[in-house]
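Let's take a quick tour of one protein model. Have the sequence and the 3D view open, and look up each spot as we get to it.

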Amino acid sequence: MISIKSDREIELLKVAGSIVYDTHCYLKPFIKEGITTKELDKLAYDYIISRGATPSFKGYEGYPASICTSINQEVVHGIPSNRKLKNGDIISIDIGACYKGYHGDSAWTYAVGKVTKEQEYLMEHTEKSLYIGLQEIKPGNHIGDIGYAIETYAKEHHLGVIQELVGHGVGTSVHEEPDVPNYGTKHSGPVLKKGMVIAVEPMLTLGSPEICILDDDWTIETEDYSMSAHYEHTVVVTENGYEILTGGKNGQK
Ligand code: MF3
Ligand code: CO
């Protein structure tokens with residue numbers, strides 16, 4: 001069952017989403033050569049707590065940290081560690097916060113120092129693919145319309161679309177129904193209705209979309225070691241379209 005949120009629930013989801021957004025903004029200046037991903041995790045934890053929320057991912061199915069930090073060929077669920085960021089890395093930071101029982105979930109990929117043209121291309125078009133997918137969101141459209149738009153855009157730009165990892169509903173649990181794939185066919189899947197809250201999260205690669213899971217049982221990386229980027233927003237379906245819950249005042253990062 002896909003839940004429809006009440007106005008009161010949407011207000012709480014907005015607070016959770018804005019805390020996630022503000023955590024990204026707070027971390028951004030620290031994302032530099034030399035900082036460890038564990039230090040970023042601690043900064044995020046302290047910031048989320050200071051806002052009266054809790055990190056959604058900590059303890060989720062045993063996940064051991066507050067945020068996910070996935071570097072270069074790592075796609076998602078990289079566990080913060082003593083690894084230092086290096087000039088030329090790209091790092092996807094995925095943040096979830098829970099406020100009064102309601103979650104927000106959002107990921108961004110950042111460049112550390114100077115990155116290659118290919119890395120920039122990957123980041124630019126993965127971010128664009130998120131907004132292309134979001135444009136499909138309005139009552140009466142289908143979940144498949146979102147994936148179709150993302151996949152079409154990714155293919156036009158020769159980027160790999162990971163199939164095994166999908167977006168999801170968001171509410172009192174960080175992962176709810178429905179699945180929101182980054183591929184699909186038009187007019188397929190559940191129909192969008194006002195008050196549904198979903199996270200759309202394209203994960204694209206410069207090479208093959210095949211992935212594997214590391215021995216830590218969490219980190220997912222590309223099989224061919226090609227670079228991967230990840231952008232995610234939590235949004236609510238409105239009367240005429242959608243509203244981003246994890247964005248700034250004007251909806252952008
Ligand atoms: N934002 C992540 C996602 O939707 C959730 C991370 S789950 C955790 O895929 F277990 F790693 F915390
Ligand atoms: Co998510």
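K42 is exposed, with a relative accessible area of 51% (exposed means over 50%, buried under 20% and partly exposed in between, with a 1.4 Å probe and protein chains only). Keep in mind that this is a predicted model, where local features need pLDDT of at least 70, side-chain atom pairs count only at pLDDT 80 or more, and totals for chains, interfaces and linings use all residues. Residues are numbered from 1 along each chain as its sequence is written, chains are lettered from A and ligands numbered from 1 in the order in which they are written, and side-chain values use heavy atoms, leaving out hydrogens and water.

**Salt bridges**
- K42 meets D46 in a salt bridge, at 2.7 Å from N to O (the term covers a side-chain nitrogen of Lys or Arg within 4 Å of a carboxyl oxygen of Asp or Glu).
- Side chains of opposite charge can pair when their charged atoms come close.
- D46 is partly exposed, at 35%.
- D46 and K42 sit 4 residues apart in helix 2 (residues 37-50), so about one helical turn separates them (helices are DSSP runs of H or I with at least four residues, strands are runs of E with at least two, and both are numbered from the N terminus).
- Helix 4 (residues 143-156) holds E151 and K155, again 4 residues apart and about one helical turn from each other.
- E151 and K155 form a salt bridge too, with the closest N and O atoms 3.0 Å apart.
- E151 counts as buried at 17%, whereas K155 is exposed at 54%.
- K5 pairs with E176 in a salt bridge, with 3.0 Å between the closest N and O atoms.
- K5 lies in the segment before helix 1 (7-27) and E176 in strand 8 (residues 176-180), so this pair ties together parts that are 171 residues apart in sequence.
- K5 counts as buried, at 8% relative accessibility.
- E11, K14 and E243 are linked in a network of salt bridges, and the structure holds 8 salt bridges.

- H168 lies in strand 7 (residues 167-169) and E232 in the loop between strand 13 (228-230) and strand 14 (233-237), so the pair ties together parts 64 residues apart in sequence.
- H168 and E232 are both buried.
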